[in-house]
Amino acid sequence: QKIDGTRFRLGSMEFDQKTREVFIPAKVNMREGLLEYILVHESGKVHESLFSTAVKPVELNVVLLLLNWKKSEAFFDFSQPERGGVPVKNARNPVPSHVLISVQWKDKDGKSQNCRIENWLHQVEKKAKLTEQPFIYTGSAILPDGQFLAEQTGSMIALYVDPGSILNNPREGNELDDVWIADPAVPEKGTPVTLIFKPAADEAKPAAEKPAPVKPSNKQPNR
């Protein structure tokens, strides 16, 4: 459904065809305890996710594909089926799979606020907030019966790596399930928020091309 200009809506989610931004309505799901996810569907693993949403995982994946995001084939190693998807250390994930995530909400005075999602998350071992870097679009998986795995599990943005999740965390320690917690700045449980996906445009800009050197000519000028 077209809203105006380049802005469209699919269900309760909005997206911009020109900027390739995606706007996902959600709510604060938990502020205390260990986290394995940033976002899950409301029928998913809500006991370990910062946010929950009514947006269906398959709808989010469709929008990402429509906006020409490219899933990374480098993030997981599936060469040993018995181990499932194993995260690859220092994987070279292509820039079109890089997703910057911010969160928008209204404070107690009704004023709109916005920050990078990393400001609301801590890595316990490092005793620090998450480093600001893109999350990776890994695209979940299609099961042998043709079903979309994330639609079954509800997993959308994982901190603790999950091959079934649509986005994954590339940071050091992503194979650990007991190091991720919410920052005290996270608003009260139930607070409506909007998660905003944005392409890592600055990383995608190619370096300026240098002009080709001018070769000296051996041709004699006309007299």
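**A patch on the surface**

Begin by selecting Val58, Val62 and Leu66, which form a nonpolar patch on the surface with about 240 Å² of accessible area together. The model is a predicted one, in which local features need pLDDT of at least 70 and side-chain atom pairs count only at pLDDT 80 or more, while totals for chains, interfaces and linings use all residues. Residues are numbered from 1 along each chain as its sequence is written, and side-chain values use heavy atoms, with hydrogens and water left out.

A patch is made of residues with over 30% relative accessible area and no salt bridge; nonpolar side chains (Val, Leu, Ile, Met, Phe, Trp, Tyr) are joined within 5 Å, and like charges within 9 Å. Accessible areas come from the Shrake-Rupley method with a 1.4 Å probe, and for residues only the protein chains shown count as cover. Val58 belongs to helix H1, residues 57–66. Helices (H or I, at least four residues) and strands (E, at least two) are DSSP runs, numbered from the N terminus. With a relative accessible area of 33%, Val58 is partly exposed; buried means under 20%, exposed over 50%, and partly exposed in between.

**The nonpolar core**

Which residues have the most contacts inside the largest nonpolar core? Select Val22, Phe51, Ile117, Ile157, Leu167 and Phe197; the core itself has 43 residues. A nonpolar core is a set of buried Ala, Val, Leu, Ile, Met, Phe, Trp, Tyr and Cys residues joined through side-chain atoms within 4.5 Å. In soluble globular proteins, nonpolar side chains tend to be buried together.

Now centre the view on Phe51. Leaving aside neighbours within four places in sequence, Phe51 is in contact (heavy atoms within 4.5 Å) with residues including Val28, Val40, Val103, Ile117, Trp120 and Leu195.

**A buried loop residue**

Is Asn93 buried or exposed? Asn93 is buried, with a relative accessible area of 13%. Apart from neighbours within four places in sequence, Asn93 is in contact with Ser72, Ala74, Phe75, His98 and Ile136.

**Salt bridges**

The structure holds 7 salt bridges, each being a side-chain nitrogen of Lys or Arg within 4 Å of a carboxyl oxygen of Asp or Glu. Select Lys89 and Glu175, whose side chains meet in one of them at 3.7 Å, N to O. Lys89 lies in the loop between strand E8 (86–87) and strand E9 (98–106), and Glu175 in the loop between strand E15 (167–168) and E16, so the pair ties together parts that are 86 residues apart in sequence. Lys89 is exposed at 59% relative accessible area, whereas Glu175 is partly exposed at 38%.

Continue to Arg116 and Glu118, which meet in a salt bridge at 3.1 Å, N to O. Arg116 is partly exposed at 22%, but Glu118 is buried at 1%.

**A three-stranded sheet**

Finally, display the open sheet of 3 strands, ordered E12-E11-E16 with antiparallel pairing. Strand E12 (128–129) and strand E16 (180–182) stand at the edges with a single partner strand each, so one side of each is left without a neighbour in the sheet. Strands pair if DSSP finds at least two bridges between them; 2 bridges join E11 (residues 121–123) to E12. End at His122, which stands opposite Lys129 in E12.

Technical notes: Buried means under 20% relative accessible area, exposed over 50%, partly exposed in between (1.4 Å probe, protein chains only).
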